[in-house]
Amino acid sequence: MTGRTVTRADLCEAVYQKVGLSRTESAELVEQVLREMCDCLARGETVKLSSFGSFVVREKGERIGRNPKTGVEVPIEPRRVMVFKPSNVLKARINGEAVTAED
Amino acid sequence: MIKSELVQRIAEYNPHLYQRDVENIVSAILDEITQALSRGDRVELRGFGAFSVKTRDARVGRNPRTGESVEVEQKAVPVFKTGKEMRVRLNQSPVTGKGKGKVKAAAQG
């Protein structure tokens with residue numbers, strides 16, 4: 001796919017178009033929304049956005065990895081990762097299907 | 001945190017806005033991301049992560065209950081890759097659990 005990349009600027013523009021706020025304020029609000037989501041996840045909390053999807057923080061145990069170039073074994077420390085689980089609505093939209101069940 | 005709680009928090013920071021405006025702001029953001037992905041575009045949000053779309057080939061699946069073969073059509077799935085800054089933030093405190101599974105959220109929401 002040769003799509004373009006959508007960035008914060010596009011989100012700000014969308015907010016500016018749909019809500020009657022100034023460009024500066026739209027940008028500030030997009031920032032606040034993202035910041036709030038990031039802060040929540042950094043605390044280990046799940047962020048669930050209905051009809052979009054949920055972001056969940058998971059803990060991974062230590063395991064032995066391998067440098068694929070050299071073949072040398074290296075321990076991978078226990079760590080936290082964040083996963084995104086898309087909702088059925090989002091999956092349907094992406095496939096251009098009619099949205100059936102809400103979740 | 002769910003969407004309504006996110007809306008409520010943002011509304012608290014912005015007492016001059018109606019809750020309805022904040023709801024529209026949050027939906028505008030999520031709609032824009034959804035629309036971009038359905039066009040096949042990528043969405044990159046520095047400090048958070050990037051969304052993209054991957055195609056899964058058509059395959060022959062099986063109904064696990066009946067064992068019957070079913071044709072699964074080619075489909076597109078959204079994928080998310082956590083950004084560098086977010087990965088660092090998630091690991092600021094040492095991981096205490098022995099891994100595997102969901103994290104118990106720290107104290108208050």
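Predicted model: local features only at pLDDT ≥ 70, side-chain atom pairs only at ≥ 80, totals over all residues.
Confidence comes first. The predictor gives the complex an ipTM of 0.88, alongside a pTM of 0.87. For chain A the mean pLDDT is 92, with 94% of its residues at 70 or more. Chain B has a mean pLDDT of 90, and 88% of its residues reach 70 or more. Within chain A, the element with the highest mean pLDDT is strand β2 (residues 47–49), at 98. At the other end sits strand β5 (residues 73–76) of chain A, which has the lowest mean among the elements of that chain, 93.

Now for the interface. Put together, chain A and chain B bury about 5,400 Å² between them, and 65% of that area is on carbon and sulfur atoms. On the chain A side, the residues that lose the most area to chain B are Glu59(A), Arg80(A) and Ile94(A), which together account for 14% of what that side buries. As for residue counts, chain A brings 56 residues to the contact and chain B brings 61.

Polar contacts link 21 residue pairs between chain A and chain B, counting pairs with both residues at pLDDT 80 or more. Quite a list of chain A elements gives two or more residues to the side that touches chain B: the strands β1 (5–6), β2, β3 (53–60) and β6 (79–86), plus the helices α1 (8–18), α2 (23–42) and α3 (88–94). Of these, α2(A) gives the most, with 13 residues. Sorted by class, this side of chain A holds 29 nonpolar residues, 17 charged residues and ten polar ones.

Salt bridges are next. Side chains of opposite charge can pair when their charged atoms come close. Over all chains, the whole structure has eleven salt bridges, and two salt bridges are found across the interface of chain A and chain B. Arg89(B) forms a salt bridge with Asp39(A), with the closest N and O atoms 2.9 Å apart. Since Arg89(B) lies in helix α3 (residues 84–90) of chain B and Asp39(A) in helix α2 of chain A, the pair joins two chains.

Strands of a sheet pair through backbone hydrogen bonds, either parallel or antiparallel. Here, four strands make an open sheet in the order β1(A)-β1(B)-β2(B)-β5(B), and the pairing is mixed. Its edge strands are β1 of chain A and β5 of chain B, each of which pairs on one side only.

Then comes an antiparallel pair within chain B, where strand β1 (residues 42–45) and strand β2 (residues 49–56) are joined over three bridges. Leu45(B) faces Gly49(B) in β2(B) here, the two standing opposite each other. The hairpin of β1(B) and β2(B) has three residues between the strands, and Gly47(B) takes a positive phi near 90° in this hairpin. Finally, β2(B) runs antiparallel to strand β5 (residues 75–82) of chain B, with eight bridges joining the two. Across this last pairing, Val53(B) stands opposite Pro78(B) in β5(B).

Note on methods: Residues numbered from 1 in each chain as written. Chains lettered and ligands numbered in written order. Heavy atoms only, no water. Pairing = 2+ DSSP bridges. pLDDT = per-residue confidence, 0-100. Contact = heavy atoms within 4.5 Å. Buried area = accessible area lost by both parts, 1.4 Å probe. Salt bridge = Lys/Arg side-chain N within 4 Å of Asp/Glu carboxyl O. Polar contact = N/O pair within 3.5 Å; in protein donor to acceptor, adjacent residues only side chain to side chain. Nonpolar A, V, L, I, M, F, W, Y, C, P; charged D, E, K, R; others polar.
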